[in-house]
Amino acid sequence: MPLTKSGPTVEIKPATGKLGIMLPGMGAVATTFMAGVEAIRRGVSKPIGSLTQMGTVRLGKRTDNRSPLIKELVPLARLEDVVFAGWDLFPDDAYQAASKAGVLSKEHLAEFKDFLSGIRPMTAVFEQKFVKRLTGTHIKKGKSKMDMAEQVMGDINGFRKREKLDRAVMVWCASTEAYRKPAPVHASLATFEKGLAASDPEIAPSQIYAYAALKCGVPYANGAPNLTVDTPALLELARKNSMPVSGKDFKTGQTFMKTSLAPAFKARLLGVSGWYSTNILGNRDGEVLDDPESFKSKEVSKLGALEHILQPHLYPDLYRNMYHSVHINYYPPRGDNKEGWDNIDIFGWMGYPMQIKVNFLCRDSILAAPVVLDLALFMDLAQRAGMHGIQEWLSFYWKSPMTAEGLYPEHDTFIQLMKLKNTLRHLRGEELITHLGLEYYD
Ligand SMILES: NC(=O)c1ccc[n+]([C@@H]2O[C@H](COP(=O)([O-])OP(=O)(O)OC[C@H]3O[C@@H](n4cnc5c(N)ncnc54)[C@H](O)[C@@H]3O)[C@@H](O)[C@H]2O)c1
């Protein structure tokens with residue numbers, strides 16, 4: 001007897017022709033991502049860290065021995081068919097930007113110089129008050145924010161035509177914008193469009209890119225914690241144009257560790273009295289986050305995870321008094337090689353306290369690049385499968401997953417992975433795996 005048969009296969013348009021991946025922000029993450037895709041295409045690197053390239057999915061019963069690669073189960077764009085474009089407020093091409101970002105070795109930079117130098121940024125939509133620490137010259141000028149949005153639409157359509165693209169997706173890889181709550185201008189598509197025409201001060205540059213993308217039929221994923229599409233106005237546009245959206249803030253280093261460890265403590269009903277997290281980071285992202293308003297966006301994004309996983313309202317004796325604190329310090333000598341420390345105060349049987357220390361010496365952009373790839377390919381899949389609105393099945397990739405109104409986000413990495421794989425099974429009409437052994441009930 002099957003567990004849950006999800007029914008017939010969902011119709012998915014084939015991934016024919018070229019896929020354009022468009023990246024606002026050509027800094028450390030974007031250039032590391034582009035260089036890595038090219039390294040894989042040339043056969044000099046393996047796609048380490050990428051679920052779409054290396055991940056498998058079990059189908060049927062454990063005894064069936066059916067575990068195809070995800071890319072064999074669902075039709076994903078091939079890396080050979082991917083073309084890149086980007087925007088930045090600095091005119092550096094991807095080679096110059098990658099050299100400044102300091103992620104890739106001199107050898108890798110030399111090896112991919114020809115490829116990276118060919119990717120030049122388009123002029124950015126930028127407003128200093130949203131990213132206080134950066135001042136750029138390579139920026140668009142326009143009569144109004146609507147005019148800027150139309151210029152971005154022109155960029156998208158120009159890229160489509162030039163590269164003879166079949167489809168495109170946009171993944172925000174630009175700096176974290178200053179913290180903002182939704183304002184009246186974000187209440188509906190009509191107020192937002194009026195606001196664009198009147199250059200409403202509450203409309204951030206990221207929202208102008210997102211608006212342009214969704215208007216042009218391009219799915220949008222938000223790699224930073226800024227609001228962007230997480231507003232009624234842009235969700236209305238996504239629904240109206242049947243576009244998938246997803247966000248926010250790539251889950252890579254410390255939050256990836258946190259959302260993987262916290263489920264283990266809860267599973268064993270171990271208490272947590274405190275979780276203190278701190279980081280040193282020396283890249284441009286660190287410099288931007290040194291501004292309190294940009295840090296506030298990041299802090300809100302990082303703080304939510306534990307509360308949702310540990311559910312203090314259900315386990316008051318274990319988590320009600322947990323003290324959680326997150327810090328990021330800009331420390332230039334480390335560049336992109338962020339170091340994170342976590343001190344976790346836990347307690348067990350009869351209340352005896354214990355401590356866990358996590359010291360993660362990571363490479364931020366090395367962790368983020370495969371996430372960008374997976375998101376681009378899965379967002380394109382979602383569009384071809386007719387899925388629109390918030391793609392909660394991609395929560396796996398986000399520090400602060402977007403959810404439909406009234407729902408709480410799922411932060412537990414392992415539940416997120418199960419949700420993602422079950423969505424893929426569903427698309428193919430395969431049984432959903434619930435890990436329920438039916439032999440006990442026969
Ligand atoms: N690396 C990670 O692990 C990680 C994890 C989560 C989120 N992020 C987020 O991803 C984003 C990129 O990170 P990064 O390390 O590449 O940063 P970065 O500073 O190296 O690159 C960001 C680039 O965006 C450009 N930019 C800023 N505003 C822009 C605009 N309006 N339009 C076009 N370009 C603009 C900047 O000039 C810069 O070149 C940041 O928001 C960061 O917070 C990164």
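The structure is a predicted model, in which local features need pLDDT of at least 70 and side-chain atom pairs count only at pLDDT 80 or more, while totals for chains, interfaces and linings use all residues. Residues are numbered from 1 along each chain as its sequence is written.

The protein chain is assigned domain 1 (4-250 + 366-432) and domain 2 (254-361), with bounds that come from an automatic or database domain assignment. Between the two domains, 26 residues of domain 1 are in contact with 27 residues of domain 2; two residues are in contact if their C-beta atoms, placed from the backbone, lie within 7 Å. The side of domain 1 that touches domain 2 has eleven nonpolar, eight polar and seven charged residues. In this classification Ala, Val, Leu, Ile, Met, Phe, Trp, Tyr, Cys and Pro count as nonpolar, Asp, Glu, Lys and Arg as charged, and the others, Gly among them, as polar.

The ligand is surrounded by 36 residues, of which the closest are G25, G27, V29, A224 and R284. A residue is near a molecule or strand if its C-beta atom, placed from the backbone, lies within 6 Å of it. Both domain 1 and domain 2 give residues to the shell around the ligand, so the ligand shell lies between them. By class, the shell holds 22 nonpolar, nine polar and five charged residues. At least two residues of the shell come from each of α1 (28-41), β3 (82-88), α12 (284-289) and α15 (364-384). The largest share, four residues, is supplied by α15. Helices (H or I, at least four residues) and strands (E, at least two) are DSSP runs, numbered from the N terminus.

Helix α1 also packs with helix α4 (residues 94-101), at an angle of about 115 degrees and with the axes 9 Å apart. Axes are lines fitted to C-alpha atoms, for helices over the stretch in contact, and angles run from 0 to 180 degrees between N-to-C directions. The crossing of α1 and α4 is left-handed; a crossing is left-handed if the near helix is turned anticlockwise from the far one by less than a right angle, and right-handed if clockwise. In this contact, A28, T31, M34 and A35 of α1 meet A94, A97, A98 and A101 of α4. The contact of α1 with α4 has seven nonpolar, one polar and no charged residues.

Helix α9 (residues 205-215) packs with helix α10 (residues 232-240) at about 15 degrees, the axes being 10 Å apart. The two helices, α9 and α10, are therefore roughly parallel. Angles under 35 degrees count as roughly parallel, over 145 as roughly antiparallel, 65 to 115 as roughly perpendicular and the rest as oblique. The crossing of α9 and α10 is left-handed. Q207, A210, Y211 and L214 of α9 meet L234, L237 and A238 of α10, a contact with six nonpolar, one polar and no charged residues.

Helix α9 packs with helix α7 (residues 145-163) as well, at an angle of about 50 degrees and with the axes 9 Å apart. Helices α7 and α9 are therefore oblique to each other, and their crossing is right-handed. From α7, the contact involves K145, M148, A149, V152, M153 and I156, and from α9, I208, Y209, Y211, A212, A213 and K215. Ten nonpolar, no polar and two charged residues make up the contact of α7 with α9.

Two backbone features lie in loops. S199, in the loop between α8 (189-197) and α9, is a residue other than glycine with a positive phi, near 50 degrees. The peptide bond from G247 to K248 is cis, with omega near -5 degrees, and K248 is found in the loop between β7 (244-247) and α11 (254-267).
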